[in-house]
Every structure is written in structure tokens, then in C-alpha cells.
Amino acid sequence: MKIVVVCGAGASSTFVAVKLRTAAAARGLTATVEAGSVSQLDSLAEVDVVLVGAHLESSVPALRERAAGSGTAVAVLPPISPAALDGAQALDLALDARAAAL
């Protein structure tokens, strides 16, 4: 599974990506997790889930429209600090979004 975490500039998404990798490893799941900004999200090819920072929720409809043809799921992270976000919670969000997209 490939998960891309996006935020405004890419810094917050890096914290979340590290937590997601740790949570996936703890569950024995194979996951590639990348971090970046929405502006860096050129292609959704081979991306299973895009997790979007809550502060970018207004960009979600456009992302979902882009993702519709590729089968990529898009979900919004909870509106809490990336430092306070639980990696397992973020992983569950990604897994649930992927399951709903299938």
C-alpha cells in the first residue's frame, strides 16, 4: 500500500508519515509512506491513499475529483497537531479510506 500525506509545505506531513510507518511496521503491514505538500502531488498513479492535513480540507473536493479515475482514496486527518496525532489512528483512517474506495 502506498500512502501520501500532504500538508501546506510538507513539514507537518513528515511527522505524520514517520508515525504511519511506525504504526504499519508494528502491525506487520507493508506500506510505503511519503510526505509532501499538495503542490508536489503531481500524479496519483500507484497511490492508494492520500491523507490530507485538516487545514487543507478545502482542497479535498478537487483532490477527490482527481483521484476518482485512479482509484486513489482521499481522507482528511483529524484537526489536531501532527505531534499529538496517534500513528495507529492515522493508519486506521488510511485503511478505512482504502477499503471504502474498493
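Me: Let's start with R27. Is R27 buried, partly exposed or exposed?
Reply: R27 counts as partly exposed, because its relative accessibility is 37%. Keep in mind that this is a predicted model.

Me: What does the side chain of R27 meet in a salt bridge?
Reply: The side chain of D92. The N to O distance is 2.7 Å. D92 lies in helix α3 (residues 87–101), while R27 is in the loop between α1 (11–26) and β2, so the pair ties together parts that are 65 residues apart in sequence.

Me: And D92, buried or exposed or something in between?
Reply: Partly exposed, because the relative accessible area of D92 is 34%.

Me: How many salt bridges does a search of the whole structure find?
Reply: It finds 3. One of them joins K2 and E34, with the closest N and O atoms 3.5 Å apart. K2 sits in strand β1 and E34 in strand β2 (residues 32–37), so to speak distant parts of the chain, 32 residues apart.

Me: How accessible are K2 and E34?
Reply: K2 is at 22% relative accessibility, so K2 counts as partly exposed. E34 has a relative accessible area of 35%, so E34 is partly exposed too.

Me: What about R98, which side chain does R98 meet in a salt bridge?
Reply: That of D48, at 3.5 Å from N to O. R98 lies in helix α3 and D48 in the loop between β2 and β3, so the pair ties together parts 50 residues apart in sequence.

Me: Are R98 and D48 buried or exposed?
Reply: Both are buried.

Me: New topic. Where is T72 found?
Reply: T72 is in the loop between α2 (60–67) and β4 (73–76). T72 counts as buried because its relative accessibility is 7%, and the cut-off for buried is under 20%.

Me: What is T72 in contact with, leaving aside its neighbours within four places in sequence?
Reply: L44, V47, D48, V49, V50 and A67. D48 also takes part in the salt bridge with R98.

Me: How far is the backbone oxygen of L44 from a polar atom of the T72 side chain?
Reply: The two lie 3.3 Å apart.

Me: V49 and V50 were on that contact list. Which strand are they in?
Reply: Strand β3, residues 49–52. Both faces of β3 are covered. V49 and L51 are buried on one side, V50 and V52 on the other.

Me: Why two sides?
Reply: In a regular strand the side chains alternate between the two faces of the sheet.

Me: Which strands does β3 pair with?
Reply: β3 pairs with strand β1 (residues 2–7) in the parallel sense, over 4 bridges. β3 and β4 pair in the parallel sense as well, over 4 bridges. V50 is the bridge partner of V4, and V50 stands opposite V74 in β4.

Me: Where does α2 come in?
Reply: α2 makes a right-handed β-α-β unit with β3 and β4.

Me: Which residues of α2 are buried?
Reply: V60, L63 and A67. Seen down the axis of α2, the buried residues fall within an arc of 60°, so they line one face of the helix. They pack against β3 and β4.

Me: And what is exposed on the other side of α2?
Reply: P61 and E65 are exposed there.

Methods:
Residues numbered from 1 in each chain as written. Predicted model: local features only at pLDDT ≥ 70, side-chain atom pairs only at ≥ 80, totals over all residues. Heavy atoms only, no water. Helix = DSSP H or I, 4+ residues; strand = E, 2+ residues; numbered from the N terminus. Buried < 20%, exposed > 50% of the residue type's maximum accessible area, 1.4 Å probe, protein only. Polar contact = N/O pair within 3.5 Å; in protein donor to acceptor, adjacent residues only side chain to side chain. Contact = heavy atoms within 4.5 Å. Pairing = 2+ DSSP bridges. Right-handed = clockwise from strand over helix to strand, strands pointing away. Arc of directions from axis to C-beta. Salt bridge = Lys/Arg side-chain N within 4 Å of Asp/Glu carboxyl O.
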